[in-house]
Amino acid sequence: MHIGPAAATYAFYLPNPPLMPDDWHWEQDNAIAELIALNGNHWRKIFTIMAKICAPSEDWRDYRDNLLLKQQQMLLIGANALSPHANIHIICGQAAATALGIAADSHIATAPQQRDNQQTTDLQTAQQIALQLMQDSRGKLQDVTAMMQSQSPLSSCVLLTPYLDYRQYSNALIDLTRNHLQAKQS
């Protein structure tokens, strides 16, 4: 199942779909509010964490209610391959990772050494950032970009994250995710 624009920058991979209202479409003004009303607190948490990760400012509430899934994000439920259009892939939980062929004990894969010194320095910096991400998150976040290059060579960032629930995905982990994504994009 796919929810959101096909050419979105962010692709969130989840294992189970929400209940869908009759005649619902992600482009409707109140699309998120309708899903939350039908599905309850569980999906409110999912959409809130997505908004906190993706919002360009601190106003994640307005972003969640009015812009989430409209332009920059898509939800892929039960996907078995990465979206060829997204630049940022957030694989939420082990069930979604398993469907995409990522093992539970995955580690950060390192890319082959580049010939150019600047590329080598950039690669080493990216690897250090990814290693720091794992250490700071106690292994809850993994940058598996290099490992997933075989599925989608256009992917610029692939993160294996906890499921989007506050018990697993704290505000500190959300901040760490945002910082990592901003470092990857700059």
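## About the model

The structure is a predicted model, in which local features need pLDDT of at least 70, side-chain atom pairs count only at pLDDT 80 or more, and totals for chains, interfaces and linings use all residues. Residues are numbered from 1 along each chain as its sequence is written, and side-chain values use heavy atoms, with hydrogens and water left out.

## The chain at a glance

The chain has seven helices and six strands; helices (H or I, at least four residues) and strands (E, at least two) are DSSP runs, numbered from the N terminus. Read from the N terminus, their order is β-β-α-α-α-β-β-α-α-β-α-β-α.

Of the 186 residues in the chain, 46% are buried. Here, buried means under 20% relative accessible area, exposed over 50%, and partly exposed in between (1.4 Å probe, protein chains only). The accessible surface comes to about 9500 Å², and 49% of it belongs to carbon and sulfur atoms; such areas come from the Shrake-Rupley method with a 1.4 Å probe, and for residues only the protein chains shown count as cover. A contact means heavy atoms within 4.5 Å. Among contacts with a separation of 6 or more, 65% link residues 24 or more positions apart.

## The sheet

The six strands form an open sheet in the order S1-S3-S2-S4-S6-S5, with mixed pairing. Two strands pair if DSSP finds at least two bridges between them. Strands S1 (2-3) and S5 (142-143) stand at the edges with a single partner strand each, so one side of each has no neighbour in the sheet. S5 pairs with S6 in the antiparallel sense over two bridges, and Asp 143 has Leu 159 in S6 as its bridge partner.

Two helices pack on this sheet. H2 touches S2, S3 and S4, and its direction makes about 150° with that of S2. H7 touches S2, S4, S5 and S6, at about 165° to the direction of S6. For these angles, axes are lines fitted to C-alpha atoms, for helices over the stretch in contact, and values run from 0 to 180 degrees between N-to-C directions.

## A closer look at strand S2

S2 pairs in the parallel sense with S3 over five bridges and with S4 over four bridges. Tyr 10 has Gln 73 in S3 as its bridge partner, while Phe 12 stands opposite Ile 90 in S4.

Five of the five residues of S2 are buried. Tyr 10, Phe 12 and Leu 14 point one way, whereas Ala 11 and Tyr 13 point the other way.

## The nonpolar cores

A nonpolar core is a set of buried Ala, Val, Leu, Ile, Met, Phe, Trp, Tyr and Cys residues joined through side-chain atoms within 4.5 Å. The largest one has 38 residues, and Phe 12, Phe 47, Met 50, Ile 53 and Leu 75 have the most contacts inside it. H2 supplies the largest share, eight residues. Not counting residues up to four places away in sequence, Phe 47 touches Ile 32, Leu 35, Ile 36, Arg 64, Leu 68, Leu 69 and Leu 75. Apart from this core lies another, of 16 residues, including Ala 8, Ala 96, Ala 97 and Val 144.

Leaving aside neighbours within four places in sequence, Asn 39 is in contact with Pro 18 and Leu 19.
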